[in-house]
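Biologist: I'd like to learn how to read charged pairs and ring pairs in a protein. Could we go through them together?

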Amino acid sequence: EIAEKYHHDNNVKGALIGNIGNVFLRQGKYKEALTYLEKSLGLIDDDIGMGETFLHLGLIHFHEQDYEEALHSFRKSYQFNQKGKDTKGMVLALIEEGKYYDHFQKFRKANYIYQKAYELVKNNNIGSLLPSIFITLAEHHQKRENDSAAINYGEQALAEIELQRNYDDLA
């Protein structure tokens, strides 16, 4: 209501409504988050905003165990981010898609998706995402009971975090 009252730009309204949805998502209030994020979709008309919204919708669907809708949302997120030339958004969508495949123990498909995300990070100089990629790969290999690879990626994550002094990823 506040967004509609004070702003006439639909993208601004959509972003504000989406931000409220993201707060509900962080609180684990998925039904409320879904309501706000779906409303924001009708207002946002830029590709990057759509990519971010679909990513968050995918997270909600995954938590609600609507796995096919989650996968659909992660792929839509990737497509919108690709169209908007947001490589970081593309990487985040790929990471979540990989987690979907890990969940169903489709490890080869997950590994392929994670490697695609890693290549995007490496080729586009997005070093800030390296710890996230390495942590995800460590978890992926741990699920596969490939301990040496899990340790290797875990150590790479720690080294990259230390290099960047980004301790948020340690949590």
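Biologist: What do the side chains of Lys99 and Glu96 meet in?

Modeller: Side chains of opposite charge can pair when their charged atoms come close. Here Lys99 and Glu96 meet in a salt bridge, at 3.7 Å from N to O. The term needs a side-chain nitrogen of Lys or Arg within 4 Å of a carboxyl oxygen of Asp or Glu. This is a predicted model, where local features need pLDDT of at least 70 and side-chain atom pairs count only at pLDDT 80 or more, while totals for chains, interfaces and linings use all residues. Residues are numbered from 1 along each chain as its sequence is written, and side-chain values use heavy atoms, leaving out hydrogens and water.

Biologist: Why are Lys99 and Glu96 separated by about one helical turn?

Modeller: Because they are 3 residues apart in helix α6. Helices are DSSP runs (H or I, at least four residues), numbered from the N terminus.

Biologist: Is Glu96 buried or exposed?

Modeller: Glu96 counts as buried, at 17% relative accessibility. Lys99 is partly exposed, with a relative accessible area of 32%. Buried means under 20% relative accessible area, exposed over 50%, and partly exposed in between (1.4 Å probe, protein chains only).

Biologist: How many salt bridges does a search of the whole structure find?

Modeller: The search finds 3. One of them joins Glu97 and Arg75, whose closest N and O atoms are 3.4 Å apart. This pair links distant parts of the chain: Glu97 is in helix α6 (residues 87-103) and Arg75 in helix α5, 22 residues apart. Glu97 counts as buried at 7% relative accessibility, whereas Arg75 is partly exposed at 37%.

Biologist: And which side chain does Lys122 meet in a salt bridge?

Modeller: That of Glu119, at 3.8 Å from N to O. Lys122 and Glu119 are 3 residues apart in helix α7 (residues 107-123), so about one helical turn separates them.

Biologist: Now the rings, please! How many aromatic pairs does the structure hold?

Modeller: A pair of aromatic rings is described by the distance of the centres and the angle of the planes. This structure holds 8 aromatic pairs. Among them, Phe54 and Phe80 have ring centres 5.7 Å apart and planes at 5°, so the pair is stacked. Rings of Phe, Tyr and Trp (its six-membered ring) pair if their centres lie within 6.5 Å; planes under 30 degrees apart count as stacked, over 60 as edge-to-face and the rest as tilted.

Biologist: Where do Phe54 and Phe80 lie?

Modeller: Phe54 is in helix α4 (residues 47-63) and Phe80 in helix α5, 26 residues apart. Both are buried.

Terms used:
Helices (H or I, at least four residues) and strands (E, at least two) are DSSP runs, numbered from the N terminus.
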